Amino acid sequence: QVQLVESGGGLVQAGGSLRLSCAASVGSFSSYAVGWFRQAPGKEREFVASIDWSGHNTYYADSVKGRFTISRDNAKNTANLQMNSLKPEDTAAYYCAADRLGSGSRNSDNYEKWGQGTQVTVSS
């Protein structure tokens, strides 16, 4: 079973950028779809972006489309989320998750393995 660790969160001014990484501990990472989700205090966890197991299909929430880019590098067992033009409403804890042979679902229930999360705070 793949183990996931997120990194790259921090404090940034509105309009700035951050790059989040999701590192897997085993080489079977190439068989998993990867999703990014976020949760702000007092709000439900929401879908951000995903990439299917083949790496050929990506999906984005409307709120981040055109600003965020998801990618994966199977040789390095990592998935990344490049976040540009950040807004205060992007402030949340961000989590990566893995779904074996998945298609990049927007539903968090389809992902069987989760990282511990990394905090992103965007100031105005």
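In strand β9, D99 is the bridge partner of A33. The structure is a predicted model, in which local features need pLDDT of at least 70, side-chain atom pairs count only at pLDDT 80 or more, and totals for chains, interfaces and linings use all residues. Residues are numbered from 1 along each chain as its sequence is written, and side-chain values use heavy atoms, with hydrogens and water left out.

Strands are DSSP runs (E, at least two residues), numbered from the N terminus. Strand β4 (residues 32-39) has 7 of its 8 residues buried, where buried means under 20% relative accessible area with a 1.4 Å probe, protein chains only. Two strands pair if DSSP finds at least two bridges between them. The pairings of β4 are tabulated below.

| Strands | Sense | Bridges |
|---|---|---|
| β4 and β9 (residues 92-100) | antiparallel | 8 bridges |
| β4 and β5 (residues 46-51) | antiparallel | 5 bridges |

On the β5 side, R38 has E46 as its bridge partner. The hairpin of β4 and β5 has 6 residues between the strands, and in this hairpin G42 takes a positive phi near 80°.

With a disulfide taken as a pair of cysteine sulfur atoms within 2.5 Å, the count is 1. The sulfur atoms of C22 and C96 lie 2.2 Å apart, and the link is right-handed, with 70° about the S-S bond. It joins distant parts of the chain, with C22 in strand β3 (residues 18-24) and C96 in strand β9, 74 residues apart. C22 counts as buried because its relative accessibility is 0%; C96 is likewise buried, with a relative accessible area of 0%.

Definitions and conventions. Buried < 20%, exposed > 50% of the residue type's maximum accessible area, 1.4 Å probe, protein only. Helix = DSSP H or I, 4+ residues; strand = E, 2+ residues; numbered from the N terminus.
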